[in-house]
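Trainee: I have a new model open on my screen, and I would like to learn how to read it. Could you walk me through some of its features?

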Amino acid sequence: MESSVVVIGGSVAGIRVCQALRSEGFMGEITILSEELGLPYDLPPLSKTYLSGDQERTDFQLLSDADLVSLKLNLMRGVTAIAINPRERQVVCSEGRTIQYKTLVIACGARPIAAPWDKVEGVTQFRTIGEANLVRRRIEQKRAVVVIGGGFIGSEVASTARACGVPATIIERQPTLLYTAIGPKFCTYIQGLHVAAGVTVLCNTSVESVAKDAGRDGIIVSLSGGRKVSAGVVVSGIGVRPNTAWLETSGIPINQGILCDEFGGVLGFPDIYAIGDVSLWFHPSRMIHTSYGHWTRATETAGVVAHNIARPKEKIPYNAVPFFWTWQHGKFIQVVGRWSATDREIAIKGETHGKVKFAALYENQGKITCGAAVDWPDKVPWLRAAHAQNKSIDECVEYLRSNCDHAVVEDQSSQPAK
Ligand SMILES: Cc1cc2nc3c(=O)[nH]c(=O)nc-3n(C[C@H](O)[C@H](O)[C@H](O)COP(=O)(O)OP(=O)(O)OC[C@H]3O[C@@H](n4cnc5c(N)ncnc54)[C@H](O)[C@@H]3O)c2cc1C
């Protein structure tokens, strides 16, 4: 079979690149290889409104059968790419078929890291709608949820479980939730939301074993220190890795993601692009390869690559400031930039028109590196632009402070070192 553009992966990056190619006026054939059998859907609602039962799959499908027809997209469902042969411009599929491409876009995302307890009945990872279905059913049955790993997705699952009136426990081996993602004041604030909502947060705690239990809940999780927690379902959320194992024999450059130039082209392979969570793009001003497993980056890199395929003589680079959001306990949390453990942290607690505001800004060499805000969506676009313009931390602090009726600024550097 011949096809002009072949896209591997039918999630947000894969579908957005196809839609953007058509908007750019690309008229060639487009084929999408999608491992899943159903129509493509978005992931963020899985741990939020889908898990709580407030939305159904059709509410967050990325496209419909009618869209496939109108955009002339050939979606091959239930087909997994198992290898690429760049010299022959071929993709080898699970059922042995090969597909010819002129341009290939790899958008196969990330996969959860496997854990020793994954095979126990009632334990699940959390990346697909099938996995979300298991947890949703158990929440409907009011069975206790235990989450192993206090990252963003695990924290969202616990938050949704509590909102549904179900007991929820998070087990985290680091000293706080979100420990490697953002600074300590912000982590403490988020952890406080969980505790206030009744989530049992067990930090500095690791899992010794997970086993079936004859009791009502069905699973028993044994922890360091001898504590045991019973669960109706266990979500294993210890992180994700770019989904590159299947590319090992392809010769494609991989180092914690597929290495691309600033235009999304895979290094050394002029006809192959990579986008979204599987890709690691060269950042022209930071002069390093970077990747962030965030929805906005997946859609933005898809748009850039569509442009670069459709207009190869007018290629544009991607150098946007990272951005992601999360909902926890009814709070809208947004983060711009990237936090590093060596950054100075400045927390701003404010009030405007009677509403409580909280943000943490991070600084290195006088410039903002990262900003995290709770329920402050009207100020976050300014912060993202300020980061892109390399604004000083003082200007950013002053901006947020001046937008509050009252504000207290806590600067890490003015506190005695511990
Ligand atoms: C539960 C959940 C909640 C999230 N919430 C947020 C949020 O609130 N905010 C935020 O910024 N980000 C969020 N994210 C992250 C965001 O959804 C991801 O960054 C985004 O989905 C990445 O898109 P992608 O298309 O690159 O990869 P993926 O979404 O991982 O999709 C890759 C697709 O490729 C398919 N595939 C893989 N290998 C193959 C193969 N060999 N052949 C064919 N198909 C293949 C997979 O089945 C999958 O459908 C969330 C993620 C999850 C799991």
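This is a predicted model: local features need pLDDT of at least 70, side-chain atom pairs count only at pLDDT 80 or more; totals for chains, interfaces and linings use all residues.

Trainee: Into which domains is the chain divided?

Mentor: There are three entries in the assignment: domain 1 (5–111 + 240–314), domain 2 (123–236) and domain 3 (330–414). Between the C-alpha centres of domain 1 and domain 3 the distance is 33 Å.

Trainee: Next, helix 1. What span does it reach, and what is expected?

Mentor: Compare the end-to-end C-alpha distance with the value expected at 1.5 Å a residue. Helix 1 covers residues 12–23 and reaches 16 Å, close to the expected 16 Å. After helix 1 comes G25, with a positive phi near 90 degrees.

Trainee: Which residues of helix 1 are buried, and what do they pack against?

Mentor: The buried ones are V12, A13, G14, I15, R16, V17, C18 and L21. Their packing partners are strand 1 (5–8), strand 2 (30–34), strand 3 (73–77), strand 7 (103–106) and helix 6 (295–310).

Trainee: Why is strand 2 described as largely enclosed?

Mentor: Count its buried residues: 5 of the 5 are buried, so the rest of the structure largely encloses strand 2. Check each face as well: I30, I32 and S34 are buried on one side, and T31 and L33 on the other. Strand 2 also pairs with strand 1 in the parallel sense, over 4 bridges, and L33 is the bridge partner of I8.

Trainee: Which loop holds R89, and is R89 buried or partly exposed?

Mentor: R89 sits in the loop between strand 4 (81–85) and strand 5 (90–93). With 18 other C-beta atoms within 10 Å, R89 is partly exposed. Its phi is positive, near 55 degrees, in a residue other than glycine.

Trainee: And where is N390?

Mentor: N390 is in the loop between helix 7 (380–388) and helix 8 (393–402). Its phi is also positive, near 60 degrees. N390 counts as exposed, because it has 10 C-beta neighbours inside 10 Å and the cut-off for exposed is 12 or fewer.

Conventions. Residues are numbered from 1 along each chain as its sequence is written. Helices (H or I, at least four residues) and strands (E, at least two) are DSSP runs, numbered from the N terminus. The expected span of a helix is 1.5 Å times one less than its number of residues. A residue is buried if 20 or more other C-beta atoms lie within 10 Å of its own, exposed if 12 or fewer, and partly exposed in between; C-beta atoms are placed from the backbone. Two residues are in contact if their C-beta atoms, placed from the backbone, lie within 7 Å. Domain bounds come from an automatic or database domain assignment. Two strands pair if DSSP finds at least two bridges between them.
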